[in-house]
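Dear colleague,

Please find the structure we discussed placed directly below. My notes on what was found in it follow.

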Amino acid sequence: MTSQMTPGVVAGRLAKEVIDDNFADLHAPLDGHEAMVAADRCYFCHDAPCITACPTDIDIPLFIRQIASGTPEAAAKTILSQNILGGMCARVCPTETLCEQACVREAAEGKPVKIGELQRFATDALMDANVHPFERGSSTGKKVAVVGAGPAGLSCAHRLASKGHDVVIFDPRPKAGGLNEYGIATYKSVDNFAAREVGWLLQIGGITVETGKSLGNGITLSDLTSEFDAVFLGIGLGGVNALRCDGEDKDGVLDAVDFIADLRQASEFGTVEIGRDVVVIGGGMTAVDAAVQAKLLGALNVSLVYRRGKDRMNASDFEQDLAASKGVRIITNASPRGVIGNGSVREIEFEYTDDDLAPTGETFRLAADQVFKAIGQTLVGDDLPDIDRGKITVTETGRTSVAGVWAGGDCASGGEDLTVTAVAEGRDAAEDIHAALSA
Amino acid sequence: MANLESEFVGIKSPNPFWLASAPPTDKEYNVRRAFEAGWGGVVWKTLGEEGPPVVNVNGPRYGAIHGADRRLLGLNNIELITDRPLEVNLEEMLRVKRDYPDHALVASVMVPCEEDSWKKILPMIAETGCDGFELNFGCPHGMAERGMGSAVGQVPDYIEMVARWCKEATDLPVIVKLTPNITNILYPAEAAKRGGADAVSLINTINSITSVNLDSFAPEPTIDGKGTHGGYCGPAVKPIALNMVAEIARNPETHGLPISGIGGVTTWRDAAEFMALGAGNVQVCTAAMTYGFKIVQEMISGLSQYMDEKGMTSTADLVGRAVPNVTDWQNLNLNHVTKARINQDLCISCGRCYAACEDTSHQAISISEDRVFDVKDDECVACNLCVNVCPVDNCITMETLAPGAMDERTGQPVEADYGNWLGHPNNPSVQAAE
Ligand SMILES: Cc1cc2nc3c(=O)[nH]c(=O)nc-3n(C[C@H](O)[C@H](O)[C@H](O)COP(=O)(O)OP(=O)(O)OC[C@H]3O[C@@H](n4cnc5c(N)ncnc54)[C@H](O)[C@@H]3O)c2cc1C
Ligand SMILES: Cc1cc2nc3c(=O)[nH]c(=O)nc-3n(C[C@H](O)[C@H](O)[C@H](O)COP(=O)(O)O)c2cc1C
Ligand code: SF4
Ligand code: SF4
Ligand code: SF4
């Protein structure tokens with residue numbers, strides 16, 4: 001019988017119930033009473049620091065007060081009017097580095113108000129009732145192309161639709177949602193939430209999603225600029241950085257994002273194959289998600305290896321602790337030197353580095369049936385506006401070097417690569433597009 | 001450890017914590033367990049006339065106000081006096097008193113406002129060996145509609161009359177329990193004294209509707225679609241009760257009249273506050289109904305520790321200590337100047353003080369770019385609102401300006417002498433006298 005000890009890359013290392021339980025909601029939703037208690041802790045601060053810390057500027061004290069007074073639907077509207085993907089953000093935002101870090105109760109007692117969980121409580125209440133609280137404005141007759149159906153594109157599209165513009169979203173993937181659908185860790189978005197949220201968002205009307213279509217593959221930017229009144233690019237970062245070490249092409253060396261996407265799309269987690277020994281290379285959220293999920297699938301040994309010190313890791317303390325609590329071994333200050341194996345990876349050799357990444361000459365090897373690369377994503381595409389340091393250069397409101405073309409989200413300069421930032425940038429670009437089209 | 005033994009109108013009890021006349025004292029079973037738990041005395045659930053007892057509603061009789069974590073802040077009830085036959089209660093009281101001779105057992109009584117009724121029942125009850133009587137002139141619902149309870153308590157002449165009948169009918173101490181549902185608590189208190197009562201106890205419950213059901217449009221608790229006002233008690237009523245106790249304690253007519261303090265006593269601290277304002281002992285109902293009898297252990301340990309810390313050897317040292325400091329507004333020293341001070345190390349930058357002062361007070365707090373909050377002395381009137389709304393203990397305090405220091409708001413140095421409204425130049429009667 002297959003177990004955690006079984007050598008190689010196999011499915012079903014753990015019993016189905018164990019795996020299903022492993023992939024359950026990271027934070028169980030607050031029940032009504034818990035929400036009341038959590039909401040009561042909010043001080044309703046003046047000019048609240050948590051609002052400033054939220055990339056979408058949600059009026060946090062107001063929505064929490066609306067929960068406390070028994071109107072979570074009104075709270076949801078407060079949230080969603082600033083952040084149409086407030087439901088997803090409630091699940092995936094690294095609140096410990098955003099609103100909750102700024103919460104005065106974090107300063108006071110190291111226990112911030114549970115803003116993220118309260119946001120989920122409110123948005124769930126509204127979405128469970130299948131209410132879409134926004135109406136589409138009367139038609140302007142203007143058409144806008146949105147390229148990429150990720151958080152940036154969806155947010156932009158929704159805001160444009162609400163202003164009465166007709167929006168067409170193009171995306172090569174079979175499902176809309178971008179990394180919400182294909183990237184976010186499974187236990188952060190259970191019960192098909194990403195797809196449900198997209199369906200809910202599209203209830204505004206006036207948005208057509210054309211899947212299977214991508215820029216550079218059948219469509220060109222100039223086609224779009226001539227056919228549409230404005231174009232928004234929210235194509236994310238489609239490429240993955242290479243390890244640049246020997247043996248990188250061996251079987252079993254995979255992109256972490258592909259492993260995660262396959263897992264997200266699996267109908268049964270128990271059918272996803274995983275190695276007994278798994279090594280993840282990288283120090284960000286993707287690396288942590290890949291490592292944790294490998295462990296949850298039943299890999300016996302999962303090591304996350306990062307080339308710099310722990311303090312330089314992009315993954316937040318919360319994420320690092322999560323990984324450690326699931327049994328992931330975190331190794332820092334080590335760079336890959338070579339993948340060893342006959343056709344398939346068997347081992348991977350690392351060299352310790354100092355804080356300036358200078359090699360120390362000391363090496364070690366880890367057994368590996370699979371190596372997941374998570375050392376950063378890159379922008380791909382030729383026919384794009386001006387690019388600087390790997391991102392499309394944009395102004396505050398998302399204007400690119402090409403007239404009539406805006407961009408936002410991971411593909412554009414400015415802001416962290418987070419779902420919530422993408423939503424903010426898509427929304428702000430939509431406002432600017434609307435202003436431009438109304439002028 | 002401080003000696004908590006208490007003597008109230010001659011009634012001795014091991015401590016000053018009594019259970020008020022209410023469900024906790026409704027029957028032998030409860031009272032025995034209460035005494036075992038440590039309560040010093042009980043006022044037995046109010047007894048009515050002989051014959052078929054009153055009946056209670058068979059739907060909900062309580063409503064409540066909760067804090068977010070369902071901490072019970074206020075309770076409302078529409079219960080009547082005891083619904084058990086008089087003989088049963090009397091037999092039980094007899095047995096309890098026999099077994100607990102050192103504990104206080106006071107009988108609460110409510111009968112129609114007729115001389116015969118009162119004069120007949122008191123001697124019957126006295127045979128139980130009870131230590132005294134409490135006349136229930138407070139119950140604000142149900143019984144009042146039948147001309148009893150607060151219907152009597154709201155007419156000082158009736159209080160005086162009934163108290164006198166009772167004093168004629170018994171040698172035991174008579175305590176008159178006052179209703180707060182009246183404009184001036186001194187009128188019934190003075191009437192009780194004139195009638196010869198040995199003490200007053202207060203407060204009984206306050207007329208209230210705790211909430212309205214916004215679907216059925218009926219007050220809670222709702223019985224078959226209708227509701228009625230109930231009597232409010234619990235932590236929320238304590239400030240009202242404290243004031244009424246203080247008014248009686250400092251009123252020359254009633255000063256020295258023993259007071260049993262009731263209303264929202266929940267911890268030893270509440271009890272100590274009532275006693276400092278002149279209550280000889282306290283009675284508790286809602287706190288026991290919320291947490292059970294065991295809370296008295298905290299009350300006992302807390303009050304003893306406090307008395308030890310203050311060097312008080314008996315409860316008499318505490319009773320009335322704050323009374324001389326309760327005065328009329330006109331006697332307050334207008335030359336006493338304070339200013340709000342924010343402790344920047346404690347401040348968590350929530351901005352509540354700013355919102356409060358800016359929107360609703362005197363625009364005396366500034367906010368900087370980086371959210372540092374400061375008091376503007378030239379605007380601060382020392383209202384204390386910021387202190388009250390600040391979520392951090394002791395973060396904002398009131399600093400007293402020393403005599404001679406400049407009050408930047410008025411541009412005048414602080415005067416060393418006491419000066420009140422009676423001598424203030426803005427007072428029209430002062431000008432008239434000149
Ligand atoms: C594994 C992983 C985990 C993450 N976890 C978190 C998290 O927990 N919390 C958090 O806040 N952020 C997280 N992030 C980051 C977050 O997912 C991104 O910042 C966010 O999705 C960016 O949104 P976007 O719309 O810019 O891009 P994406 O979500 O990448 O969407 C881009 C869309 O454009 C489409 N597209 C690409 N190229 C083209 C083209 N040429 N033509 C048309 N369409 C195209 C893609 O198919 C995709 O649908 C995570 C990222 C990864 C990879
Ligand atoms: C359910 C209930 C029934 C009561 N019944 C009586 C009563 O029969 N006689 C009486 O004098 N007071 C009665 N009271 C009033 C209490 O004795 C007491 O005065 C009041 O509750 C205030 O004290 P507390 O805040 O500690 O509860 C009752 C109170 C409650 C809650
Ligand atoms: S900072 Fe914290 S306490 Fe203040 S409003 Fe925001 S959530 Fe509430
Ligand atoms: S005491 Fe009153 S006036 Fe002075 S700062 Fe505080 S709130 Fe403002
Ligand atoms: S209310 Fe208190 S904690 Fe909040 S800003 Fe003012 S002083 Fe600071």
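A residue is called buried here if 20 or more other C-beta atoms lie within 10 Å of its own. Please also bear in mind that this is a predicted model.

By that criterion, helix H15(A) is mostly covered, with 12 of its 12 residues buried. After H15(A) comes Gly298(A), which has a positive phi near 110 degrees.

The largest nonpolar core comprises 153 residues, and Phe232(A), Val280(A) and Ala291(A) have the most contacts inside it. Helix H15 of chain A, residues 285-296, supplies the largest share of this core, with 8 residues. A second, separate core of 97 residues has Ala22(B), Val31(B), Ala191(B) and Val284(B) among its members.

Leaving aside residues up to four places away in sequence, Phe232(A) touches Val144(A), Val146(A), Val147(A), Gly153(A) and Cys156(A), and also Trp406(A), Ala407(A), Gly408(A), Ala429(A) and Ile433(A).

Turning to chain B, its secondary structure consists of 14 helices and 22 strands. The C-alpha trace of chain B spans about 75 × 55 × 50 Å along its principal axes. Chain B has 434 residues, of which 44% count as buried. Among contacts in chain B with a separation of 6 or more, 70% are between residues 24 or more positions apart.

Two ligand surroundings may interest you. Ligand 2 is surrounded by 28 residues, the closest being Ala20(B), Thr46(B), Cys233(B), Cys285(B) and Thr286(B). Strand S4 (41-47), strand S6 (72-77) and helix H9 (286-291) of chain B each give two or more residues to this shell. The shell around ligand 2 divides into 13 nonpolar, 12 polar and 3 charged residues.

Around ligand 4 there are 15 residues, of which Cys357(B), Ala364(B), Cys380(B), Cys383(B) and Cys386(B) come nearest. Two or more residues of this shell come from each of helix H12 (352-360) and helix H13 (385-389) of chain B. The shell around ligand 4 has 12 nonpolar residues, 3 polar and no charged.

With kind regards

Terms used:
Residues are numbered from 1 along each chain as its sequence is written. Chains are lettered from A and ligands numbered from 1 in the order in which they are written. This is a predicted model: local features need pLDDT of at least 70, side-chain atom pairs count only at pLDDT 80 or more; totals for chains, interfaces and linings use all residues. A nonpolar core is a set of buried Ala, Val, Leu, Ile, Met, Phe, Trp, Tyr and Cys residues joined through C-beta atoms within 7 Å. Helices (H or I, at least four residues) and strands (E, at least two) are DSSP runs, numbered from the N terminus. Two residues are in contact if their C-beta atoms, placed from the backbone, lie within 7 Å. A residue is near a molecule or strand if its C-beta atom, placed from the backbone, lies within 6 Å of it. Ala, Val, Leu, Ile, Met, Phe, Trp, Tyr, Cys and Pro count as nonpolar, Asp, Glu, Lys and Arg as charged, and the others, Gly among them, as polar.
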